[in-house]
Amino acid sequence: MSESNDPLAEGYRRFRQNRWPQEKAEYEALAADGQKPHTLVVACSDSRADPALIFDAAPGQLFVVRNVANLVPPYQPDGGLHGVSAALEFGVKALGVRRIVVMGHALCGGVQAMRLGAPEIAQDFVAPWVAQGEGVVKAAIAHAHEGDEQLEAEAAVIGLSLSNLRTFPWIAERVARGELELLGLHFGIGEGVLRRLDDNGRLVPLD
C-alpha cells in the first residue's frame, strides 16, 4: 500500500482528507461508548452491492455479515466453526439489534452456481456452501417464467435465509415478542432499486 497509485492507499487518503474531518466526532463517540447498530444485514460478498453505500449508513449504524449468496445456514450449535451464526448471536444477543435484513442482489454469482454448479476451481468451499440453496433454487426455476429464472432463484435464496433465521430459538423468540423484525430485500445493480420479499415470496417495490 505504499505506492502512490495503489487504490486502497488512495482511498484511505481520501477518507482521511474528506470524511474523517466530517465524521471525527462520530468515530470518537463510537470508540468511547461502543457500537449500537440498529440493524444487522446479511448480504452477499459481491463488490457491487455494499450495504453501507446502498443505505447511506453512518458509522455504527449497521452490523454487516457478508458471504457468498447472502446465505444463513440453519441453527446448528455443534461446536463447529459457524461464522454467520456467530455474527448473528453477537448482533442479536450482545448488540441488541432490532432488525435483521437479508439482502440479495441481481446477477448473483453464488445463486448462478446453485443453478449451474460451482466452478471447477472453487470446489473446496464454494461448492458445499452453495449446495445449501440448490433445492429452493431448482424449485423456483421450475415455476419461473422464461427469462426470470435468475431473479426467481435470487428471491428464493433470500427466502431460504429468512426461514433459516427462524430456526435460531433466540431469534424466533424475539420475533414472536415483537422485539426483532426480519426483512428480505433485493438490490438491482443496474438500476439501483431495492425491492422487498413479500409473504408470497415475490419481490415488490420497497414501500
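Here are some questions and answers about helices and cores in this predicted model.

Q: How do you know that the span of helix α7 agrees with its 17 residues?
A: Good place to start! At 1.5 Å a residue, α7 (residues 149–165) should span 24 Å, and its end C-alpha atoms are 24 Å apart, so the two values agree.

Q: What makes α7 largely enclosed by the rest of the structure?
A: A residue counts as buried when its relative accessible area is under 20%. In α7, 12 of the 17 residues are buried, so the helix is largely enclosed. Among them are A153, V157, I158 and L165.

Q: Why are α4 and α6 called roughly perpendicular?
A: Helix α4 (residues 109–116) and helix α6 (residues 134–142) pack at an angle of about 80 degrees. Angles of 65 to 115 degrees count as roughly perpendicular, and therefore that is the name for this pair. Their axes are 9 Å apart.

Q: Which residues make the contact of these two helices?
A: From α4 come V111, M114 and R115, and from α6 come E134, V137 and I141. By class, four of these are nonpolar, two are charged and none is polar.

Q: Which residues have the most contacts inside the largest nonpolar core?
A: They are L40, L88, I100, L165 and I171, in a core of 23 residues. Elements giving two or more residues to this core include β1 (39–44), α3 (83–94) and α7. Beyond its neighbours within four places in sequence, L40 is in contact with residues including F63, V65, L88 and I100.

Q: Which residues belong to the other core, of 14 residues?
A: Among them are A69, M114, A153 and V157, and this core lies apart from the largest one.

Conventions. Residues are numbered from 1 along each chain as its sequence is written. This is a predicted model: local features need pLDDT of at least 70, side-chain atom pairs count only at pLDDT 80 or more; totals for chains, interfaces and linings use all residues. Side-chain values use heavy atoms; hydrogens and water are left out. Helices (H or I, at least four residues) and strands (E, at least two) are DSSP runs, numbered from the N terminus. The expected span of a helix is 1.5 Å times one less than its number of residues. Buried means under 20% relative accessible area, exposed over 50%, partly exposed in between (1.4 Å probe, protein chains only). Axes are lines fitted to C-alpha atoms, for helices over the stretch in contact, and angles run from 0 to 180 degrees between N-to-C directions. Angles under 35 degrees count as roughly parallel, over 145 as roughly antiparallel, 65 to 115 as roughly perpendicular and the rest as oblique. Contact means heavy atoms within 4.5 Å. Ala, Val, Leu, Ile, Met, Phe, Trp, Tyr, Cys and Pro count as nonpolar, Asp, Glu, Lys and Arg as charged, and the others, Gly among them, as polar. A nonpolar core is a set of buried Ala, Val, Leu, Ile, Met, Phe, Trp, Tyr and Cys residues joined through side-chain atoms within 4.5 Å.
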